[in-house]
Amino acid sequence: LPEYAFIGRSNVGKSSLINMITKRKSLAKTSGRPGKTQLINHFLINDDWHLVDLPGYGYARVSKKEKKTFQKFITDYFKFRKQLVAAFVLVDSRHEPQKIDLEFIQWLGENMIPFAIIFTKADKLKPNALERNVEDYLKKLSETWSSLPPHFITSSSKELGRDEVLQYIDDINNNLETE
Ligand code: GDP
């Protein structure tokens with residue numbers, strides 16, 4: 001089955017988003033503690049595709065060696081996983097573009113891995129601030145990219161953006177089937 005990987009910095013709201021998308025309350029554990037999602041988790045959605053929960057990156061408090069192991073684990077997944085269709089890179093709506101995210105996005109591009117951006121925690125900002133942040137983020141990406149990736153604005157607490165993300169994935173899956 002086709003796989004869609006969800007990844008982002010620790011605390012970006014990945015577990016909450018996965019719970020919103022899967023409509024499960026307890027499978028992806030939300031926690032402020034870094035390193036909780038240690039391994040790859042697969043969630044079967046609509047008997048149709050797998051949502052893949054990858055470990056968060058960018059922990060401040062792990063050793064260099066742990067960071068390296070983590071990094072290799074993640075990059076190996078992206079490089080060798082045949083079922084992978086696209087990645088969703090989660091970024092916090094409130095923050096300006098972070099170096100580690102931009103580097104990761106760059107790496108995905110260099111390795112020709114399709115991706116989309118998911119802005120998380122949209123409810124934490126006023127509409128105009130949200131809009132400005134998203135615009136600034138895309139502007140930053142357009143400095144290095146000739147065409148911008150798709151993006152989604154989500155809030156797990158307000159159940160925002162769920163349908164859009166699911167529709168996007170469905171559309172790709174339907175195209176895969178007719179190919
Ligand atoms: P993860 O480390 O990326 O899996 O992040 P979590 O899903 O555990 O979320 C980290 C923190 O952000 C938790 O305290 C969540 O309750 C909070 N959070 C996550 N998503 C949202 C959201 O959409 N809105 C708000 N207000 N808080 C959120």
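What percentage of the 179 residues of the chain count as buried? The value is 43%, where buried means under 20% relative accessible area with a 1.4 Å probe and protein chains only.

This is a predicted model, in which local features need pLDDT of at least 70 and side-chain atom pairs count only at pLDDT 80 or more, while totals for chains, interfaces and linings use all residues. Residues are numbered from 1 along each chain as its sequence is written, and side-chain values use heavy atoms, without hydrogens and water.

**View 1. Helices and strands of the chain.** The chain has five helices and six strands. Their order from the N terminus is β-α-β-β-α-β-α-β-α-β-α. Helices are DSSP runs of H or I with at least four residues, and strands are runs of E with at least two.

**View 2. Contacts along the chain.** A contact means heavy atoms within 4.5 Å. Among contacts with a separation of 6 or more, 71% join residues 24 or more positions apart.

View 3. A polar contact is a pair of N or O atoms within 3.5 Å. Oxygen atoms of the ligand lie 2.9 Å from a backbone N or O atom of Asn-11 and 2.7 Å from one of Ser-156. The side chain of Ser-157 has an N or O atom 3.0 Å from a ligand nitrogen atom.

Notes: Buried means under 20% relative accessible area, exposed over 50%, partly exposed in between (1.4 Å probe, protein chains only). A polar contact is a pair of N or O atoms within 3.5 Å; within protein, one must be able to donate a hydrogen and the other to accept it, and residues adjacent in sequence count only if both atoms are side-chain atoms.
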